[in-house]
Amino acid sequence: MVSSVANIVNLMRTGWVLARHDAFGGVDSVSELPAGARLALALGRRIARSRPGRKKGLAAAIAELGPSYIKLGQFLATRGDIIGAERASELSKLQDKLPPFPRGAALDEIRESLGAAPKALFEEIGPAIAAASIAQVHKATVREADGSLREVAVKVLRPGIEQRFARDLEAFYCAARLMERHSPPSRRLRPVKTIDMLAQSVKLEMDLRMEAAAISEMADNTRNDPGFRVPRVDWERTGRRVLTTEWINGTPLSDIDALRARGINLEALGDIIIQTFLRQAIRDGFFHADMHPGNLFVDEAGLLVAVDFGITGRLDMKDRRFLAEILWGFITRDYQRVSDVHFQAGYVPLDQSPQLFAQALRAIGEPLMDKPAEQISMARLLGQLFHVTEQFNMATQPQLLLLQKTMVVVEGVARTLNPRLNMWATAEPVVRDWAEQNLGPGAYLHTAAEGAATLGRLVSNLPELFTEAERTAKLLADMAYAGGLRLDESTSEALAAAQARHNLTARIALWIGVLALVVLAIGQFM
């Protein structure tokens with residue numbers, strides 16, 4: 001009860017701040033909103049009119065609401081399907097910059113997290129050079145065994161940030177559940193699932209050992225990639241609330257003039273950015289999801305270096321195959337293949353028409369083919385694709401939206417370096433290599449081998465499965481003797497819902513299991 005009241009108070013405060021900044025000013029289709037939402041909107045607009053002169057807009061309101069809301073705003077920037085393309089664009093420019101907390105507090109965090117005095121670990125720790133909603137970064141030096149000094153970057157979490165996020169996340173969940181309960185159209189957008197993803201992302205971001213592990217994994221994945229690397233992790237000086245990495249002496253990609261002055265080939269650098277991101281997403285299924293210019297540098301050796309791995313994205317093999325095949329399908333203008341991939345992945349309901357969906361895809365792809373290569377945007381294509389799927393009742397895939405949002409940023413960075421960037425020509429080698437390795441005959445042999453191994457494990461487990469089946473059958477028989485075996489209405493509905501969530505193969509396996517249990521149960525009576 002106390003938690004519910006706290007959530008309501010928190011949401012009321014949020015509404016008040018949003019209203020003061022006139023964050024609801026551009027809401028359209030008011031007549032389609034529930035009565036309660038229309039009342040709240042009218043009240044918000046009245047509050048905004050009563051307070052002229054304040055900076056307006058959703059981004060300004062979120063910046064005032066603090067760290068948790070800044071993270072939510074950045075996350076919602078990937079969900080144009082929920083808040084609309086215009087607001088998503090506004091939030092994509094939201095700067096995660098806050099005043100630094102005192103250096104003394106940072107030293108206390110280092111001492112507590114690493115279990116040693118800062119002076120024993122670092123030769124010198126300077127003031128904060130960058131501060132965001134979750135952590136801030138200090139430049140420091142470390143004394144090596146040979147007496148030399150090594151420069152490092154030390155990232156330290158804000159004191160008390162975990163408690164602040166936990167409180168605000170409860171309010172976010174409360175709002176998401178209200179949306180799903182009272183607005184049926186919103187259920188397709190999965191607001192609760194969206195907050196789940198935000199909560200998981202924040203949870204990982206607030207354990208800096210996980211960020212260190214992400215850097216290490218990315219280093220392993222990209223070790224042989226041309227023109228790219230990541231900082232080295234100093235594991236001795238890294239803990240849950242402190243992360244120490246190599247200090248990157250380089251030129252940020254935001255400083256185009258400095259890159260030119262160094263003689264950096266900007267066109268080649270643009271290609272490296274695009275191809276690096278696609279390798280991470282398609283080949284590895286693990287990508288840096290915050291590749292804005294402030295997180296990208298060209299080091300002294302001329303290599304592209306990415307920093308700040310607080311936000312990363314993952315794609316399983318199905319999503320990677322989906323991404324590669326739709327990009328290849330658009331490159332080759334095979335719209336029926338792109339449609340088939342959507343249906344095979346289970347993203348579009350089977351009651352929809354693959355041919356009509358292919359027609360809708362053609363309406364997206366063909367206008368692009370008539371444009372000069374440098375005007376074709378892969379990120380915009382994916383955005384239009386996800387928008388069209390709404391017409392075919394396709395459930396939102398949040399992991400693909402994070403991918404699309406990252407691609408928007410990556411494309412933007414690459415085009416500032418090379419305005420004539422040909423996205424298809426740049427992407428084609430990466431997509432083709434992956435397709436040859438994963439969609440060709442050799443890949444099918446590998447898949448068959450994996451299937452055989454899975455079948456072998458299943459066969460080896462058959463004795464245990466039959467033992468469990470026999471126990472279950474005896475239990476069913478005992479229930480039948482005791483007064484019959486019945487399913488009440490809620491159980492039937494639950495079984496139906498479970499069946500609907502599985503694909504054809506899973507349903508076949510389920511009913512084979514049920515039939516086996518029935519046979520064993522009958523055997524108990526004979």
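Modeller: What follows goes through the sheet, the salt bridges, the core and the aromatic rings.

Biologist: What kind of model is it, and how are residues numbered?
Modeller: This is a predicted model, in which local features need pLDDT of at least 70 and side-chain atom pairs count only at pLDDT 80 or more, while totals for chains, interfaces and linings use all residues. Residues are numbered from 1 along each chain as its sequence is written, and side-chain values use heavy atoms, with hydrogens and water left out.

Biologist: How many bridges pair strand 2 with strand 3?
Modeller: Nine bridges, in the antiparallel sense, and strand 2 covers residues 135–143. Val137 stands opposite Lys155 in strand 3.

Biologist: New topic. How many salt bridges does the structure hold?
Modeller: It holds 28, a salt bridge being a side-chain nitrogen of Lys or Arg within 4 Å of a carboxyl oxygen of Asp or Glu.

Biologist: Lys155 came up already. Which side chain does Lys155 meet in a salt bridge?
Modeller: That of Glu211, at 2.9 Å from N to O. The pair links distant parts of the chain, with Glu211 in helix 11 (residues 208–221) and Lys155 in strand 3 (residues 149–157), 56 residues apart.

Biologist: Are Glu211 and Lys155 buried or exposed?
Modeller: Glu211 and Lys155 are both buried. Buried means under 20% relative accessible area, exposed over 50% and partly exposed in between, with a 1.4 Å probe and protein chains only.

Biologist: What does Arg337 form a salt bridge with?
Modeller: With Glu325, the closest N and O atoms being 2.6 Å apart. Arg337 lies in helix 15 (residues 335–344) and Glu325 in helix 14 (residues 317–332), so the pair ties together parts that are 12 residues apart in sequence. Arg337 counts as partly exposed at 28% relative accessibility, and Glu325 counts as buried at 9%.

Biologist: Now the inside. Which residues of the largest nonpolar core touch the most other members?
Modeller: Leu253, Leu259 and Leu278, out of 102 residues in that core. A nonpolar core is a set of buried Ala, Val, Leu, Ile, Met, Phe, Trp, Tyr and Cys residues joined through side-chain atoms within 4.5 Å. In soluble globular proteins, nonpolar side chains tend to be buried together.

Biologist: What is Leu253 in contact with?
Modeller: Leaving aside neighbours within four places in sequence, the contacts of Leu253 include Leu259, Ile273, Pro293 and Val413.

Biologist: Where is Val413?
Modeller: Val413 is in helix 18 (residues 398–417). Val413 counts as buried, at 4% relative accessibility.

Biologist: Last one. How many aromatic pairs are there?
Modeller: Five. Rings of Phe, Tyr and Trp (its six-membered ring) pair if their centres lie within 6.5 Å; planes under 30 degrees apart count as stacked, over 60 as edge-to-face and the rest as tilted. Phe277 and Phe287 have ring centres 5.7 Å apart and planes at 85°, so the pair is edge-to-face. Phe277 and Phe287 are both buried.

Biologist: Which residues do ring pairs link into a cluster?
Modeller: Phe343, Phe357 and Phe392. Of these, Phe343 and Phe357 are both buried.

Notes. Helices (H or I, at least four residues) and strands (E, at least two) are DSSP runs, numbered from the N terminus. Two strands pair if DSSP finds at least two bridges between them. Contact means heavy atoms within 4.5 Å.
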